[in-house]
Structures are given as C-alpha cells and as structure tokens.
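Please read the following report alongside the sequence and the model.

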Amino acid sequence: MDSDREEPRRFMYSFGIDRLGLVALKAPYVSAFLIAVLTALAAWSAMNLKVDDSLSELFRTNTEEFRRYEEIDRRFPSSEYDVLVVVEGKDLLTRERLETFGGLTTELQLVDGVSGLVSMMSARDKPDANGYAPPLVPDEMPEDDAAFAGIVNALKSNDIVKGKFLSDDGELAMIVIALDRKIVEERGSAAVIGEINEAASRELEGTGLSAKLTGAPVMQLEIRNAVERDRFVYNGLGFLVGIGIAYLFFRRLSLTLIVVAGPAIAILWTLGMIGAMDFRLNLFINVITPLILVSGFSDSMHLVMSIRRDVLAGMNRFQAARNAVLDVAPACLLTAMNACLAIISFQFADSALIRTFGIAALMAVCISYLAVAVVVPTLAALLVREEKQPVAAVADTHGDETGGVGKLQHITDGIVRTVANNATAFFAASVITVILCGIAYTQLKPHYRLADQVPDKEQALAATGRIDEKLTGANPVHIMIRWTGDQSLYDPSTLEAIAQAHTAVEQRVGLGNVWSLESLRRWLAAAGDASIENVKKYVGILPDHLVRRFISADEKAVLVTARLPDVDASEILPVVDRLDAELEPVRLANPGYEFSVTGLPAIAARNSAGLIWELNWGLVGDMFVIFVFLGFALRSVLVGFSAVMPSLFPIFATGAILWATGQGLQFASIVAITVAFSLAIDSTIHFLNRYCLEEDRMGPSATPYQVLMSAAHHIGPPVVLTTIVLALGLGVTMLSHLPSLRLFGELAAVCLFASLIGQLVILPAALMVGRKLFPRRDRDGAAPQSDEAATSGSVSS
C-alpha cells in the first residue's frame, strides 16, 4: 500500500468527522499537548464527582404520585429517615441482658446526630388515676424473680411492643432511631452512623448480644461506599486485565499502551464532563465506564490492528496511521452514531434518573469516538517503532499474522471457512435459534427488589433479613391523610377518618406494625379514657420526633404507617393495590379527606415494571431503526439485512438464559444488554466495513466466498481479542458487593461471547445468503456479470 492508493468511499452522514485523525497526524506533538491538557482538566473535574445514594431517585417522575412521596419526606421528616438497630441474642430477656439493652438505648440517645429513639424500653403501662403512665421496664430492675417475670410477660403481651419492637420468641429487639438531618448534613452520615455502630459494639461487647444497623440512611451509606470502591478497584482491575491480555498477543509495549490509552483517556474525559455538569454517580452512571470501555476498546483495537499490520509490512508509522484513519475510523464513527441512536430512547423515559443517564451516555459515546479517533493516530505517530525489515508473512497480499495474533487468525479463518461452505444450513439454524431465543426473551417478567440495589456483604441487608423473618418487615408503606378544610386534627370526623384507615390497613389488608394517631387512642381507650382532651394531652407529652412520625407540624396531614418485608415488587404490588381498593369505601365515607397510598415500596411496586419495560422495548425498537440506518449510511441493502441477526442474537440469547434460569428482567439486565448491543453492533459494523473494503479492493471478479474469507482474515483476530479482553475486564464486576453490579458483570460476559458467535458464525452465513438475495452492483449502478461476483457497492467505514 502506498500513499497514492485510492481512498475508500465514505459513507453518508459522516460530515468529515471520520477524518479527525488526519488533522492530528499533521501536528502530532501539538495534538499530544492538547490531549495532555484536556486530560489534566478532566482529571481535576472528575475528582469532584459525588455519589447519588438515593433509594428513590430511580422512580423520580413528574407525576402526582411522586410529588406525594416527596411531600411525606418534607412534612414527616422522620418517616423515611430511620436507622433501625437490630439487637439479637437467645438470652435477650434475662435480667442482665435487658439491663444491657437499656444501657445501649441510653448510649445511643447521646450520639451527636440522634434526635430520639423508640424501643421496647419506651413502652408505657396504662395511665393511673393521676394520668401517669409508668414505663413497662423500670430504671432499676427488681431483684424479685416473680416481679421480673411480670415485666417480661408485660413486654411480650403489650400491643405496642409485641411483633413491632420485640419478636414473638423474645430473641430479637428493634430500636428505631430518628436522625437530626441538620447535624447529619454538618457531620456527614458516615460519622453519625459510624458513631452509632461504635456505641452498639462497645455496649454489647462480651454480652452475648449482637447488633446490626439498617434503614434508609445505612443503606445509602453502604451504596455510596460500594459505588466509590467499585469505581476505583474494578475499573482499575479491568484495565490491568486488558493491558495484560493485549500485551500477550501484541508483544509490543507501544501497541499495548496505544490500545488502552484511547479508551482510558475517553473515560477520563467523560468523567470530567460528568463532574463539570454536576451529575452524580449511581448504578446507571457507573455503567458509563464499561460502556466506553466496550465501544472505545473495540474501536481502538481495530485501529491498532490496522496500524500494526501495515507497520509489520514495512510501511512508515505515519502512513500506517493514515491508512487506519481512512479504512477504520469511518466504521468507528458509524458505531458511535448507531450507539447514539440506541441511547436516544432513554430521553423518553419517565424516570429523571434514566433521562440523566441517557444524556451522560450520549456524551460518553461522542467523547469516546473523539478521544479514540485522535489519541490512537497521535500516539501511533509518536510511539510506534518502525520495522527495519518487513515481516514477510504480513508483507504479502494475504496479510498473514504471526505469534498469538496469528494463532487467532488461523482459528477464526477455520470457523468462517466452515460456515461459508455450509452457509445455507448455518443461516437456517441461526434464524431458528434467534427466533427461539427471541420468544424466550419476550417471556421475561420485570423484577425489582430493593435488596438488589444494596451491598449484600454488609450489615444493612442482613439486619433487614432478620426483621423480615422475625418481625413484619423493615420497609415502610404509608397512607397519607390530608385535608384542606376547616377541620382540625382533633375533630371527631378527623379522628374517625384516621381510625377507619388504620383498621383497613391492619385488619382488612393484614399488614403488621401499623402506627398512627389511632394507636395512641386505642392505648388510652384500654386505660379507660380516650377522650379528645386526653388524646391531645398525650400528643403534647410525646417527644417531637415521635409525634412528627404521624402528625405534620401544621396538623393538616397525618400518616398511617405499616411495614412490609423486602420482597420483589411483583409481590408488593398486589398488596398495594388491595390496600388502595380497601381504602375506597373510606374515601367515600370521608369526602373532606384525601387518602393516598405511598412510600418507597409502593412507588417501586407501581413504577418498576413500567420503567423496565419502557427501557426494554425502547432498546428493541432502536435496534431496528439502527439496521435501517446502517443500510442507508452504507448504501447497501445487504448491510441492513446482514446486521440484523448477529446483533439481535446476543440480546435474545442473554434473555433466554435469564428465562431458563427463572430470573426476571432487572434494571441491571437492561443496562448489561444495552452495553452488549453496543459491542455487537460495533463488531458487526467493523466486519461489514472490512467486507465492503475487500469488495472494492478485489473487484467484481471476486466471488462472495473470496471476499468473505479475505474480510474475516483481517477482522477475525481483533473481534476475538476485543471480546476476550472486554469479557475479562467487565467480568471483574462479579466481585462487587452490589448484587446489581455482579449481575451486570455476569450478563455482560454472556452477551459478549454470544456476540462473538454472532460475528464469526451468524454474520458470515448472513453475508453469503444475503449476497445471493441482493446481487452486487458496481459503483455506477450496473448489474454484475454474475451472481458469483457479489459484493457490496457500499463503502464503509
């Protein structure tokens, strides 16, 4: 190849962006300086990235339902911000252990950032004639065994305590801590929760009792720690794996560094931009890194393989880099444009978090292309060592590789040759397989569980599991009752409306651990005086943090709160729907009041399935738009036809595995499939691009078989090498403490290897069959001399 060779025809809609690498090659030192400056600025900006640890942000929508949920957080600040301390031990209700438990509650009260707490030690007996309600557990434990047994029996039988703060077997107790949000903001949740943890460990050390913390603030802290840890550990480990594998095959440090530098700089630039726009790291934004790694590494690998091949053939590094830009960069641009089309669907999601992810992902894809398209040619011009004598095997027209790459080439040539010689049979088998996998994919059911978003190797989920098992659950669901009329909180009609809602939750729906103003009224009624004056009196006696759990500060809204176990949203939704239905008669009987079922479990149950399906079918729809776009961009029906099955197969195959193993379609599944589709379409475009280049190079006399084998000879090794590196690089996420991220790593690995089957088996079969269906026409539009001369008139990237 020389500098005067005919330049490949560019595809439609490239707008010259595919030639950015040529600009960098004119002044590589200037380009390197600008890259270094931008990278430094991006690194500084990335250092300011913050983590979004909200459990509800995924479901933030511009709907009345979510606004009601936000109103609860505003009007009842303790309702969704509890730290739950689970204390467990077989001898919990012995005299010594109960004294220890009482000492623990006292110590926890003294932690800076705790505004108050409620436990079984807070329970009171019925008021006496003077209105005094003595504590069930006195400050000084009686020495008399019978008297102490009476205290234990009172705790086990008390309506406020049993099943709410104390398990039926007497071996587990729960302390509910209300945090002072102002102090938490000043000190940081890590400091406050850490001090609570230290106090519990210190007080219970050597007592035979254990304590674990859970609740929204604890889960948020664990999520934040896990996201930050994963960002550094697994991204770094993934790159190290990629560098090691790439070096084993290239045996050149310069080429290995260039392959990795492109996507690494792309990731840094993207994180810098995300930091500058004040986007927060979360489950979705964290996936930006592997998304860039997939697209950027694949493009970088194809560019470097092209440069390597020409350099080994004796070409100088500048011309080799120029040829790579002309031959490969257009395909890189086309893959970026197709990825943008796939991601655009996120902009139509109801969830603000998903829309934000869509914006960040669009930026990431564009920045990834720009970084790779400029960095790889620049570094190639500066770092690649030219061969003093060409490697004979590469210098000839066959382009045979040597070493590890040569072994890969031999394997891929054999696979494609077998497929090409039996193209019809392989194509028919591929169609059947894709259809069957597609049918299985459509059978998947949405799956969402809070536990999937929280680290499962920390204490929060362990504590939640114990509460679910021995009490009624840790996740609050609320009925918010509001009124705007002249009624006061203590009007008989208001109290009756609260009582009816409380009864509906507790008796007709059967939820446990139900709390409201009605709980106080029932306790006072058991004592013989539930008059409005007495209710008002005891509300005034209760600590403010406890009152604000069920009465708003303006006394125009109240909560009836129950707790649910952490189960799949599909199991919670029938409960929420039934609760809504049981409240309908209450609404009709109390027209001046508004009754709303809300809380994170209710929001998740109602919205998770819709959001998952929205993402899923948006992606499936985008796929077909992409296939049409490919055909137009490359001006070839063959391209659009051939791209369909190898791109769909990884997605449908992964879905079939999820279906066969009984797993549902989760948010992590959709993200993994999106990333996998990005690689599948990326590899497909590079393969089709090479096929088109070989058709133009070999001319109309070449048969489809010859063109295919020549294309596979060039494209096979980088496709396999990219898949191996990415599978191992993304596979390290299976070591994460976050279940969702582990699932992402598992599915990404499955998708990547399914994509490899698509490129080496399904795509060659589709090209052979497709060329028979769509005979080649030359660039002037003339029909070919024979069907055997089939090749695509499009030029591609």
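## Two helices side by side

In this predicted model, the axes of helix H10 (residues 288–312) and helix H13 (residues 352–383) come within 9 Å and cross at roughly 25°. Because angles under 35 degrees count as roughly parallel, H10 is described as roughly parallel to H13. The crossing in which H10 passes H13 is right-handed.

The residues of this contact divide into 14 nonpolar, 4 polar and 1 charged. On the side of H10, the residues that meet H13 include Ile-288, Leu-291, Ile-292, Ser-295, Gly-296 and Asp-299, and on the side of H13 the residues in the contact include Phe-357, Ala-360, Ala-361, Ala-364 and Val-365.

## An open sheet of four strands

An open sheet of 4 strands has the order S8-S9-S7-S10, and the pairing in this sheet is antiparallel. Strand S8 (512–515) and strand S10 stand at the edges, each with a single partner strand, so one side of each is left without a neighbour in the sheet. Neighbouring strands of this sheet are turned by 15° against each other on average, when direction is ignored. Helix H22 (residues 569–589) packs on the sheet and touches S7, S9 and S10, and the direction of H22 makes about 175° with that of S10.

Is strand S7 buried or exposed? Of the 8 residues of S7 (residues 475–482), 8 are buried, so the strand is largely enclosed by the rest of the structure. Asn-475, Val-477, Ile-479 and Ile-481 point one way from S7, whereas Pro-476, His-478, Met-480 and Arg-482 point the other way, and all of them are buried.

S7 pairs with strand S9 (residues 557–564) in the antiparallel sense over 8 bridges, and in this pairing Asn-475 stands opposite Leu-564 in S9. S7 also pairs with strand S10 (residues 594–598), again in the antiparallel sense, over 5 bridges, and here Arg-482 stands opposite Glu-594 in S10.

Strand S4 (residues 172–179) is mostly covered, since 8 of its 8 residues are buried. The cover extends to both faces of S4, with Leu-172, Met-174, Val-176 and Ala-178 buried on one side and Ala-173, Ile-175, Ile-177 and Leu-179 buried on the other.

Which strands pair with S4 in the antiparallel sense? Strand S2 (residues 82–88) runs antiparallel to S4 and is joined to it by 7 bridges, while strand S3 (residues 114–118) pairs with S4 in the antiparallel sense over 4 bridges.

Besides the pairing with S4 over 7 bridges, S2 is joined by 5 bridges to strand S5 (residues 210–214), and the two strands run antiparallel. In this pairing, Val-86 stands opposite Lys-212 in S5.

Terms used: Residues are numbered from 1 along each chain as its sequence is written. This is a predicted model: local features need pLDDT of at least 70, side-chain atom pairs count only at pLDDT 80 or more; totals for chains, interfaces and linings use all residues. Side-chain values use heavy atoms; hydrogens and water are left out. Buried means under 20% relative accessible area, exposed over 50%, partly exposed in between (1.4 Å probe, protein chains only). Two strands pair if DSSP finds at least two bridges between them. Axes are lines fitted to C-alpha atoms, for helices over the stretch in contact, and angles run from 0 to 180 degrees between N-to-C directions. Angles under 35 degrees count as roughly parallel, over 145 as roughly antiparallel, 65 to 115 as roughly perpendicular and the rest as oblique. A crossing is left-handed if the near helix is turned anticlockwise from the far one by less than a right angle, and right-handed if clockwise. Contact means heavy atoms within 4.5 Å. Ala, Val, Leu, Ile, Met, Phe, Trp, Tyr, Cys and Pro count as nonpolar, Asp, Glu, Lys and Arg as charged, and the others, Gly among them, as polar.
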